[in-house]
Amino acid sequence: MKKLVTSSLMTAVLITPVFAVERPKTAAEMGIMQGSPPKRTIDMSKWDKGPDNRWAFQHISEIIPTANISRGSGPVAELPRALTDLSGFVFKTPDGVKMGVQTMLETTYTDGFIVMHDGNIVFEKYFNGMTPTTRHLLMSVSKSVTGTLAGILVNDGRLNPDKKVVDYLPEMKASPGFVDTTVRQVLDMTTAIVFSEDYADPNAEVVTHEAATAWRGREAGMADQGVYAFAQKIKKDDRPHGERFHYASINTDVLGWLIERAANQRFTDFMSDAIWSKLGAEHDAHISVDYKGSAVANGGFVITLRDLARFSQMVLDDGYFNGQQILSSGWIDDIRFNGDNNAWKPTIYHKIWPKGFYRNQWYVTGDDHGSYFAVGVNGQHIWINPMTRVAIVKFSSLPVSADKENIMLGWAAMDAIARSFAD
């Protein structure tokens, strides 16, 4: 398809009938945190699930501890606008059914959605009371932000991916799971550790991990010890390190600790100095912290839609944004081209993208456009298509954390939108 603003095919696509869905109720419509005092309040044991997350994801600093990441004092990097209405754009779902973008946005409990093309805002919509000034929780999209930050230290020589974690963090000699791992294995999540990410299993390691991050209140187990103490308790499984991609959020918190040690700065200060103050962001970012004050690098970033679009545009442009090279283009190339497909093959992701891999906390599809992306539970996304120069950000509040069907629906829509800008 030619560019959307000129395509005659676009007109034909827009008149294709699509099925409608019932619009999910907003937090205000459900009465969540409405009134003085509010009658319907947030349940700390499940604030990140529906329906509470419809309110909580936009009010993180009101329910769990957060730290500020300063935007600095520089001018805002303006985002030019070349708007076109994509609401009626039709794509095929993973099941082969035709669906319009507006239906997808409502089906997937979208809070904010923005499409960038060649550095211009093409399409921007807000739902559920969210506005351009509202910060939203990134969940595991945070991992890709953290991996990008680590690239600055790798490129200037302060963090060597080939060294062992314990070379920087001797405290991790206490961890059976991490004592023999390399920084590269942490970056690419090929550590052979015992860690289940099954949110439905009350005995899974991720449940204790969330307690350690202060996401479940002070009374939860490990809350008083914090995320770094939890990391030192991780066990090793019977596989060698480095053989298989195994998604485990604790890897990213270990990476956050490595960043602090290599930079000799607190995570929040280094993030501000290295990226956020250079990006021309409109707003300070936030990140959740545990009760020891340590940043929750795996899922705790809280950022506005446009500012995450600025970050995504920087990544799309090989680390260049706001008139400066913020991140070495070599790190973006490393993300895009240097992953291990063999480590990817034993996983379920191989069925979707046979040529893909996971590199530096980013997913790379290996598709014909070289698309790569970040994803977080409950429907958080960054989708980047370097061939068509499109970057898309989506914030959502899906009721179920690992809603694979609706997350894959978002992928299909974003891929189709990005491809439609092909010359």
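**Figure 1. Arg71 sits in a loop between two strands.** In this predicted model, Arg71 belongs to the loop that runs from strand S1 (66-69) to strand S2 (90-92). Helices (H or I, at least four residues) and strands (E, at least two) are DSSP runs, numbered from the N terminus. A salt bridge is a side-chain nitrogen of Lys or Arg within 4 Å of a carboxyl oxygen of Asp or Glu. A polar atom of the Arg71 side chain does lie 2.4 Å from the backbone oxygen of Ala281. Leaving aside neighbours within four places in sequence, Arg71 is in contact (heavy atoms within 4.5 Å) with residues including Val76, Trp276, Gly280 and Asp284.

**Figure 2. Helix H10 is mostly covered.** Helix H10 spans residues 267-276, and eight of its 10 residues are buried. Among them are Phe267, Phe270, Met271, Ile275 and Trp276. What do the buried residues of H10 pack against? Their partners include S1, helix H4 (141-155), helix H9 (250-263) and helix H11 (305-316). Strand S7 (285-288) and strand S8 (301-304) are also packed against by the buried residues of H10.

**Figure 3. Arg54 and Asp111 meet in a salt bridge.** The two side chains come to 3.4 Å, N to O. Arg54 lies in helix H2 (residues 53-56) and Asp111 in strand S4 (residues 110-117), so the pair ties together parts that are 57 residues apart in sequence. Are Arg54 and Asp111 buried or exposed? Both of them are buried.

**Figure 4. Asp180 and Lys164 join two loops.** These side chains also meet in a salt bridge, at 3.7 Å from N to O. Asp180 is in the loop between helix H5 (165-168) and helix H6 (183-187), and Lys164 is in the loop between H4 and H5, so the pair ties together parts 16 residues apart in sequence. Asp180 counts as partly exposed because its relative accessibility is 47%. Lys164 also counts as partly exposed, at 35% relative accessibility.

**Figure 5. Glu210 and Arg216 belong to a salt-bridge network.** The closest N and O atoms of Glu210 and Arg216 are 2.9 Å apart. Glu210 is buried, because its relative accessible area is 12%, and Arg216 counts as buried at 18% relative accessibility. Salt bridges that share partners join Asp48, Lys49, Glu210 and Arg216 into one network.

**Figure 6. Thr134 makes a polar contact with Thr131.** Thr134 is found in the loop between strand S5 (120-126) and strand S6 (135-137). With a relative accessible area of 14%, Thr134 is buried. Its side chain is 2.9 Å from the side chain of Thr131 in this polar contact. A polar contact is a pair of N or O atoms within 3.5 Å; within protein, one must be able to donate a hydrogen and the other to accept it, and residues adjacent in sequence count only if both atoms are side-chain atoms. Leaving aside neighbours within four places in sequence, Thr134 is in contact with Gln58, Ile303, Thr304 and Leu305.

Figure 7. A cis peptide bond joins Ser36 and Pro37, with omega about 0°. The peptide bond from Gly50 to Pro51 is cis, with omega near 0°. Pro37 is in the loop between helix H1 (8-14) and H2, and Pro51 is in the loop between H1 and H2. Ala214 is a residue other than glycine, yet its phi is positive, near 75°. Arg389 is not a glycine either, and has a positive phi of about 60°. Ala214 is buried, with a relative accessible area of 1%, whereas Arg389 counts as partly exposed at 28% relative accessibility.

**Notes on the views.** Residues are numbered from 1 along each chain as its sequence is written, and side-chain values use heavy atoms, with hydrogens and water left out. Because this is a predicted model, local features need pLDDT of at least 70 and side-chain atom pairs count only at pLDDT 80 or more, while totals for chains, interfaces and linings use all residues.

Methods:
Buried means under 20% relative accessible area, exposed over 50%, partly exposed in between (1.4 Å probe, protein chains only).
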